[in-house]
Amino acid sequence: MIEARHLRVLRTVAATGSFSAAGRELGCTQPAVSQQMKALEASVGTPLLVRSGREMRLTQAGEALVRHAAGILAGLTAAEEEVAAIAGLRAGRVRLVSFPSGSSTLVPTALAALRAAHPGTRVSLEEAEPPESVDKLRVGDCDVALAFRYEGAAGAEEWADLVVRPLLTDRLVALLPERHRLARAGSLAIGELAREPWIAGCPRCRGQLVEVCEGAGFTPRIDFATDDYPAVAGLVGAGLGVAVLPQLAIESVRPRGARAVTLEPAVRREIVALTLPDLAQVPAVAATLEQLGRAAAQQGPQRKQP
């Protein structure tokens, strides 16, 4: 294997014409230069220099290697500078995938702070719900995934191979039309809505809704289903049904014509940022995780930090 330090010495010998002159140029002894040239010749398996009196001249192989050395060393210098910039957060890229209510609440605060602290770091954002977002992380389509899972749900080991940064615990709330008989209640049990038409959200949230309702002794009659939280809020506001949404989603859409009511007993989901173990060591990824944590901490005292 050719080492960059040997190439630098070879170029200097070729430019100065002798080991002693090269040593003076490089700030080392003549024997040190000689040893490095012997090591380089051993690596390539052929002589590179021929002594001619007090000077050294290149063999054909030596000329070829010196010709390529300039580009190799220039590319290596550029690579070293780029890596140093990434390590120092003067440059870098992070691909972030987030579910919609996280994109509209946690992500803007985190990315604004990241840009202010490290303007050379670029972050791209794509939206996907878990488990799709987690799958993207595992196959290399993103560097950080903002995801959630419901308390008590099966499959707690599903993230065992990932670095999990807990952010906050998000409580589910009932969303009712303003004129609904329970809209002014301080809290309610989900069983009190058993006879209502329902508007369901994303597939994972829909599954959780059915599970919670069945645990309360009824199966919800789902009249509408949409992944779009503003659409859910709009349908509820129009009096077309009731819904259960995460508090984070309520904060992101600010529904009109509808009121949020606390559910008892509480149903919660855990919000986390996920990455791969190796990626967690990358400075830009670590900085993104840190800013997501700070953004979650700003959500307010009503949030239960894990």
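**Notebook: helices, strands and cores**

I started with helix H10 (residues 283–297) and looked up what covers its buried residues: the list includes strand E3 (92–98), helix H5 (100–117), strand E4 (121–127), E5, E6 and E12. For my own reference, helices (H or I, at least four residues) and strands (E, at least two) are DSSP runs, numbered from the N terminus. Buried means under 20% relative accessible area, exposed over 50%, and partly exposed in between (1.4 Å probe, protein chains only). Contact means heavy atoms within 4.5 Å.

A note on the source: this is a predicted model, where local features need pLDDT of at least 70 and side-chain atom pairs count only at pLDDT 80 or more, while totals for chains, interfaces and linings use all residues. Residues are numbered from 1 along each chain as its sequence is written, and side-chain values use heavy atoms, with hydrogens and water left out.

Which residues of H10 are buried? I found Ala284, Val285, Ala287, Thr288, Leu289, Gln291, Leu292, Gly293, Ala295 and Ala296. H10 has 15 residues and reaches 21 Å from first C-alpha to last, close to the 21 Å expected at 1.5 Å a residue. The expected span is 1.5 Å times one less than the number of residues.

In H1 the buried ones are His6, Leu7, Val9, Leu10, Thr12 and Val13. Their cover includes helix H2 (19–26), helix H3 (30–44), strand E1 (49–52), strand E2 (55–58) and helix H4 (60–87). Just after H1, I noted that Gly17 takes a positive phi of about 90°.

**Strand E12 and its partners**

Seven of the eight residues of strand E12 (residues 268–275) are buried, so E12 is largely enclosed by the rest of the structure. I checked pairing next (two strands pair if DSSP finds at least two bridges between them). Strand E5 (residues 144–150) pairs with E12 in the antiparallel sense over six bridges, and Arg149 has Glu270 in E12 as its bridge partner. Strand E6 (residues 163–177) also runs antiparallel to E12, joined by eight bridges. There I saw Val163 opposite Thr275 of E12.

Val144 lies in strand E5. Is Val144 buried or exposed? It counts as buried, because its relative accessibility is 0%. Leaving out residues up to four places away in sequence, Val144 touches Val94, Arg95, Leu96, Val97, Leu137, Ala273, Leu274, Val285, Leu289 and Leu292. Val144 and Arg95 are 49 residues apart in sequence, but 6.4 Å apart in space, C-alpha to C-alpha.

**Cores**

I looked for nonpolar cores, meaning sets of buried Ala, Val, Leu, Ile, Met, Phe, Trp, Tyr and Cys residues joined through side-chain atoms within 4.5 Å. Which residues touch the most other members of the largest one? Ile190 and Trp198 do, out of 57 residues. Apart from that core lies another, of 17 residues, among them Leu10, Val13, Leu48 and Leu49.

**Whole chain**

I counted ten helices and twelve strands in the protein chain. Of its 306 residues, 43% count as buried. The C-alpha atoms fill a box of roughly 105 × 35 × 30 Å, taken along the principal axes.
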